[in-house]
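Please open the structure in a viewer and keep the selection panel at hand. The stops below are to be visited in order.

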Amino acid sequence: MELLAALLLLQVTAANAFSREIENIHLRQAIQKRNVQWIDYYQLDSLRPLRRTKRTWIITTIDIQEEDKGPFPKYAGQLFNNKSFNTSIKYLISGPGVDESPEIGLFSIEDDANGHVFVHRTIDREKTSTFQIRFDIVHRKTGQPLDHPLLFKIDVKDINDNAPEFPKEEYSVTIRETHSKDEPVFQVTALDKDEDGSANSQVSYSLSMQKPLSDGFKFNIDPATGLILLSGCLDYETASSFKLLIKASDHGTPQLSSTVTVNVAVEDANNHRPVFTSDNYQLQISAGQEHPAVLRLHVEDKDSPNTPAWRAKYRVMKGNEKEQFTIETDPDTNEGILSITKPIDYEDASEMRLVISVENEEAFFLCKNGTVMIPSLESTNTTVYIKVLESQRVLRFHPPILIVQREDSVKPGRVFRRYPATYPDDVPNKIKYELAHDPDSWLSVDENSGILTVAKEFDQESPHVNNSLYTIIVHGIDHGIPPQTATGTILLYLSDINDHMPMLVDPSLDVCDKNEGTPLIIKAKSAPISSHSGPFTFELAEDSEDVKHNWKLGRNFGESVELLMLRSLPQGTYLVPIIIQDSQGFSTRQNQQVRLCFCPDGHTCKDSPLPQTAVRLGGSAIAIIVMVFLLLLGSKSKAIILPGESEQTFINYNEESGTYWSQVKLDLTDHAALPPVSVKSGKASIAEVTACLLIQMPFFYTTQFDNPKDEDSLYSSYEAFRTRHLDHITQTVDKILGQKLYYQNALEDYGAIYEPYRYAEEGDLEQSHSVCSGSIGSEDVPADFLNTLGPKFSALEGICQKQFPSFN
């Protein structure tokens with residue numbers, strides 16, 4: 001019975017509460033309809049003269065603290081209005097936190113007759129810090145407003161529930177070793193989400209940890225700004241990096257904090273002077289001679305290698321008044337290379353004393369009382385004592401014995417070596433050269449320059465070859481009275497003696513795009529069985545016009561030499577032939593491969609999509625291709641159908657029975673008059689032959705390069721062809737182009753030229769006309785045009801004939 005009574009009471013209470021809530025909703029809606037009227041009333045009231053009015057609303061402070069754990073609902077404050085005297089009233093609450101976002105349902109009036117305000121759950125001030133609440137008073141029965149609404153701002157009281165936060169967990173910064181302690185290293189900033197201007201959001205910074213701690217040196221941090229400063233001078237050799245742990249703390253209760261890591265990398269600067277390993281040097285030289293790289297001076301520097309703080313600069317301070325000496329820095333070893341560039345006269349000085357100084361590229365600094373200072377320049381010096389020996393003026397070959405290994409690429413007509421005879425004082429004098437001993441006449445010599453040229457191919461089976469060695473003797477004869485004769489001996493080995501030869505350190509060199517005049521460093525090293533055969537002399541083997549026009553050698557550093565580009569070159573791979581000779585007379589020719597390429601990051605080559613073995617065409621050849629291409633655009637010849645990707649063809653290049661281009665019978669015509677261009681003639685003109693040759697040449701060269709032994713012979717054949725016929729081909733194509741332009745401008749019926757062409761249907765393999773078939777002009781190739789190409793160019797004929805049968 002008691003349970004039933006309780007249930008009935010609960011049901012009645014719930015029903016009353018529900019009905020009361022419904023009633024309140026209706027009242028709020030009615031009041032909202034009068035909002036405009038009240039607002040208008042307020043505006044009119046504000047325009048009236050100020051007068052003292054009796055205050056009708058009274059409200060106690062409503063305190064809400066964030067993160068309050070309850071229990072809820074929790075009493076927050078009470079309303080009172082004078083209109084409640086002798087009147088049945090009801091208080092209503094509305095707005096954000098009640099029936100509007102944010103935080104709907106956070107506030108309510110549980111006792112609407114007495115205006116008790118309650119809060120129903122925990123609130124986060126950092127999410128919503130204030131609420132603008134509206135209070136109304138209405139007649140309980142009629143629902144009519146009894147007074148103006150009250151807009152009341154409720155502030156949520158802040159507690160210290162947020163620690164300062166750094167934007168990142170870790171920072172990295174690099175500073176120079178010369179960084180001043182008055183200049184900030186870095187600044188850290190932490191933000192606190194608690195109430196601005198309060199102790200809860202006020203942040204202070206401190207250094208919690210520093211690794212390493214070197215000789216009492218510490219970083220400092222400004223507690224208010226977070227600026228990190230040095231307490232003294234850095235020392236790269238003691239510590240090249242530091243790890244700092246910075247702590248940010250607020251001033252709230254309880255105090256909250258967070259940390260961030262700052263990594264400081266120290267970049268080495270010049271706080272160590274270069275020091276000569278010897279206080280003085282003794283040197284003997286012969287009078288009247290130039291002496292390249294006569295002495296190498298070594299220094300020690302404790303700064304980081306290959307940095308401006310380590311790289312040395314040398315200077316002859318005293319003893320070089322006549323500018324007979326130069327000194328340069330070896331870029332690899334940092335040594336000073338002393339050279340005698342002007343012969344010294346024994347009568348002027350039999351003994352000399354040089355004072356040589358050294359300093360770094362970067363200014364030297366020191367630390368004094370914890371402060372970085374740049375002192376006045378104080379270089380380190382050493383002394384070189386030179387004894388000049390009197391020498392007779394004797395004509396000599398250098399070296400007196402030149403040792404050369406046969407190179408597979410050496411063919412008749414190619415320069416073998418430059419082998420001049422000189423006097424010790426290097427005074428110019430007319431010298432005549434002759435071959436004193438060359439029993440098989442393998443070489444010829446220019447009597448004025450001493451340049452040796454291959455006369456015929458070297459024969460391993462010659463009776464004059466002993467143990468794979470063929471000896472050649474060259475004489476240089478001056479015009480004195482009596483004449484002097486210098487003897488130079490060339491030992492030509494036909495067997496492999498690579499173990500004795502100097503060689504390039506890196507035969508392949510990748511270089512980011514460079515401008516003309518930019519030096520590239522080419523390095524040589526001693527033979528495997530001869531570890532001390534330097535210094536080396538370098539010579540550019542100028543076998544082709546391209547090499548002469550594009551490259552030259554610069555300064556010789558003894559172990560390396562500068563290779564200079566004479567003009568800006570397009571990206572691609574270049575072979576630069578270089579002759580290297582060591583101090584023992586061993587001479588070898590090697591190809592330095594230079595790949596000019598695009599570097600996205602400035603120092604690393606991006607792989608080129610083009611095959612590296614493709615042959616590079618010169619400017620004239622490209623011009624010819626362009627002109628021929630323009631002619632083909634205006635011609636009536638059918639398009640070339642190339643095999644699809646799935647079709648592959650095997651071409652035999654080395655059949656001795658193959659038809660050679662030299663068998664092609666082409667007639668010479670008079671170039672004085674050019675008749676109108678014929679599009680029906682069956683003869684192959686010089687433009688068509690050139691186009692076919694140049695179109696096939698990259699493929700042919702790429703294929704032939706698979707056999708390194710044929711590379712130079714093929715290149716020599718191509719050079720011979722280009723040199724002899726390039727001008728003639730250019731002139732001919734130029735005339736043909738003029739004829740073609742005239743012909744097209746003169747014709748009225750263009751439809752006769754540009755007739756529609758039906759290509760082969762799918763599945764047909766039609767024999768198409770090509771640049772090798774349809775005639776473009778009446779000019780034929782010279783009589784010796786094809787005879788100069790050599791038998792290996794028969795492969796090109798085979799390719800053209802298979803693709804273009806009308807070429808015959």
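**Strands and ring pairs: a guided tour**

Select strand β2 (residues 64-65) together with β8: the two pair in the parallel sense over 2 bridges. Strands are DSSP E runs of at least two residues, numbered from the N terminus, and two of them pair if DSSP finds at least two bridges between them. The model is predicted, so local features need pLDDT of at least 70 and side-chain atom pairs count only at pLDDT 80 or more, whereas totals for chains, interfaces and linings use all residues. Residues are numbered from 1 along each chain as its sequence is written, and side-chain values use heavy atoms, with hydrogens and water left out.

Within this pairing, Ile64 stands opposite Val156 in β8.

Now display the side chains of β8. Leu150, Phe152, Ile154 and Val156 point to one face and are buried, that is, under 20% relative accessible area (1.4 Å probe, protein chains only).

**Aromatic pairs**

Rings of Phe, Tyr and Trp (its six-membered ring) pair if their centres lie within 6.5 Å; planes under 30 degrees apart count as stacked, over 60 as edge-to-face and the rest as tilted. By this rule there are 18 aromatic pairs. One of them is the tilted pair of Phe135 and Phe152, 6.5 Å centre to centre with 55 degrees between the planes. Phe135 lies in strand β7 (residues 130-139) and Phe152 in strand β8 (residues 150-157), so the pair ties together parts 17 residues apart in sequence. Phe135 is buried, at 0% relative accessibility.

Move on to Phe166 and Tyr205, a tilted pair at 6.5 Å centre to centre and 50 degrees between the planes. Phe166 is in the loop between β8 and β9 (170-176) and Tyr205 in strand β11 (residues 203-211), 39 residues apart. Both Phe166 and Tyr205 are buried.

Then select Phe416, Trp442, Phe458 and Tyr470, which ring pairs link into a cluster.

**The open sheet**

Finally, select the 4 strands of the open sheet, in the order β1-β3-β6-β5, with antiparallel pairing. At the edges stand β1 (57-59) and β5 (107-111), each with a single partner strand, so one side of each has no neighbour in the sheet. Strand β3 (residues 74-81) is joined to strand β6 (residues 116-119) by 4 bridges; the bridge partner of Tyr75 is Phe118 in β6.

Methods
Buried means under 20% relative accessible area, exposed over 50%, partly exposed in between (1.4 Å probe, protein chains only).
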